[in-house]
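Please brief me on this protein–DNA model. Keep it short and group the points by topic.

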There are 2 protein chains.
Amino acid sequence: MSEPTTEPSSAPRKPGRPSRPPLTEAMIAQAALEIIDEHDWQSCTMKALAQRLGVRAPSLYHHVAGQHEIVDLVRKLVVSEIHDPAILDLPAAEAMWQFGIAYYRAFAKHPNTIQLLSTTPIRDRDTLQMYEVFLQALVRGGWDKQRALEALLGLEHLALGFAFEWNAEDLMLDPVAAAAHGAPLVAEITHDRTNQNAIAESTFRSLLGRYIAMFEMEAGDQSL
Amino acid sequence: MSEPTTEPSSAPRKPGRPSRPPLTEAMIAQAALEIIDEHDWQSCTMKALAQRLGVRAPSLYHHVAGQHEIVDLVRKLVVSEIHDPAILDLPAAEAMWQFGIAYYRAFAKHPNTIQLLSTTPIRDRDTLQMYEVFLQALVRGGWDKQRALEALLGLEHLALGFAFEWNAEDLMLDPVAAAAHGAPLVAEITHDRTNQNAIAESTFRSLLGRYIAMFEMEAGDQSL
DNA sequence: ACCTGAACACCGTTCAAGT
DNA sequence: ACCTGAACACCGTTCAAGT
């Protein structure tokens, strides 16, 4: 139950060196993401977060303004796995593909963050920059601006939906509940999803390809 | 600040009749949805809910087991606006269309419920029945079962994404924040979204049509 | 049967006090 | 400068007590 990290009382070895390294934003962000990955956002309380860092809850307020800033830090970490400025110079369809795959992979790797990040306003520079680059790649390719935004939003939610449904711990559809409430087909289909995570990405890739083609056709009809 | 509903002290008119009708599940569900629509899920505390019903918080536990049951009740209300058993007898593509439009409209009408309902496990009979009917409509049309589930999940998140982005109070992308963080294109595009809610549905309809066509093509390739 | 006040454990957050 | 204990307001929930 107790954490294996350094406790101040037991080991006074190397007297000049502090037993616990000073807290940083990066350490807090990392610990928060770990807790969310291992459990969920609800479990990432200020107390739990502080405990993992070998500190008391009020200490955290010396490094972050409040819990909302922790949300931003976690988002920054996940976005860092997605954002690649190089897509700016790619053709629109190629940029959508690269971004879509990276987006899916990041959230398939951290499915428990979806609940938090997909419903929280975006305030941090890194994430806004990522969106800026994506939109500019499409606009450079001759896309209508509003259409570019629609493509982005649809793409995001498509990726999030699949990443969440196939990887999150608490599945939305539970075969047991389905069977108990007269939904046998739901129960049957959801039952053998256990080892299907492997094929989840290939399914998403297929869908993503179609999705991009669909927008390219529309662009051909309207803005060119 | 105080509510206009009946308070026990002021009006003893009609002595035999109780001033406040007895609480029911339906009344609680209705009040909860109203609070979420007017504010958000965070504001729907047991105290606020009780106050709207002219009662104290602990009284609610006489009618519901806990807050999780209130989630189920709200979901039931929203689902009642979507579910139409008649789609069972429609061709697959037609069923997807009908369901998709109804799904989008219900959540565009109650965008603040998305955050709550899209991240909470489904336990209630009504919702499971709705899924059962949808999946059976597709399977009757010759679709592969797993493919039917994928179509459902993708459709849901596509609809939710658009309903949320175009109608929710707290937008994910704020033009002010974007401009402040060096994302001018994001700022520009998100700036004139105010009166674009009207065209949101037509955009979704266009996307939905393409989405269905995409799945029909895949079905033609693989399962027929 | 239904509602209530009081109480409990648990949140996020503040702050004066320590080193 | 950084961390702490104590305190505050606010959650959801329980329960003995009222009618």
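A search of the whole structure finds zero disulfides across all chains, a disulfide being a pair of cysteine sulfur atoms within 2.5 Å. This is a predicted model, in which local features need pLDDT of at least 70, side-chain atom pairs count only at pLDDT 80 or more, and totals for chains, interfaces and linings use all residues. Residues are numbered from 1 along each chain as its sequence is written, chains are lettered from A and ligands numbered from 1 in the order in which they are written, and side-chain values use heavy atoms, with hydrogens and water left out.

**Cysteines**

- C44(A) counts as buried because its relative accessibility is 2%. Buried means under 20% relative accessible area, exposed means over 50%, and partly exposed lies in between (1.4 Å probe, protein chains only).
- C44(B) also has 2% relative accessibility, so C44(B) counts as buried.

**Fold of chain A**

- Chain A has ten helices and zero strands. Helices (H or I, at least four residues) and strands (E, at least two) are DSSP runs, numbered from the N terminus.
- Along the sequence, the pattern of chain A reads α-α-α-α-α-α-α-α-α-α.
- Chain A has 224 residues, and 49% of them count as buried.
- Take the contacts in chain A with a separation of 6 or more: residues 24 or more positions apart account for 70% of them. Contact means heavy atoms within 4.5 Å.

**How the two copies relate**

**Packing between the chains**

- Helix α9 (residues 184-191) of chain B has buried residues L185(B), V186(B), A187(B), I189(B) and T190(B).
- The buried residues of α9(B) pack against α6 (125-140) and α7 (145-167) of chain A, together with α8 (175-180) of chain B.
- E150(B) sits in helix α7 (residues 145-167) of chain B. E150(B) counts as buried because its relative accessibility is 4%.
- Residues up to four places away in sequence aside, E150(B) touches F162(A), W166(A) and T203(A), along with Y211(B) and F215(B).

**DNA strand D**

- Around DNA strand D there are 14 residues, of which R56(A), S59(A), H63(A), Y61(B) and Q67(B) come nearest. A residue is near a strand if one of its heavy atoms lies within 4 Å of it.
- Sugar or phosphate supplies 66% of the atoms of DNA strand D within 4 Å of the protein, and bases supply the rest.
- From R56(A), a backbone N or O atom lies 2.7 Å from a phosphate oxygen of DNA strand D.
- From Q67(B), an N or O atom in the side chain is 2.8 Å from a phosphate oxygen of DNA strand D.
- The surface near DNA strand D has six nonpolar, six polar and two charged residues. Here Ala, Val, Leu, Ile, Met, Phe, Trp, Tyr, Cys and Pro count as nonpolar, Asp, Glu, Lys and Arg as charged, and the others, Gly among them, as polar.

**DNA strand C**

- Y61(A), Q67(A), R56(B), S59(B) and H63(B) come nearest among the 14 residues around DNA strand C.
- For DNA strand C, 66% of the atoms within 4 Å of the protein belong to sugar or phosphate, and the rest belong to bases.
- M46(A) places a backbone N or O atom 3.1 Å from a phosphate oxygen of DNA strand C.
- Y61(A) has a side-chain N or O atom 2.7 Å from a phosphate oxygen of DNA strand C.
- R56(B) has a polar backbone atom 2.7 Å from a phosphate oxygen of DNA strand C.
- Six nonpolar, six polar and two charged residues make up the surface near DNA strand C.

**Other sites**

- G66(A) lies in the loop between α2 (46-52) and α3 (67-82) of chain A. With a relative accessible area of 6%, G66(A) is buried.
- D126(B) lies in helix α6 (residues 125-140) of chain B. D126(B) counts as partly exposed, at 34% relative accessibility.
- Apart from neighbours within four places in sequence, D126(B) is in contact with K76(B) and V79(B).

Methods. Polar contact = N/O pair within 3.5 Å; in protein donor to acceptor, adjacent residues only side chain to side chain.
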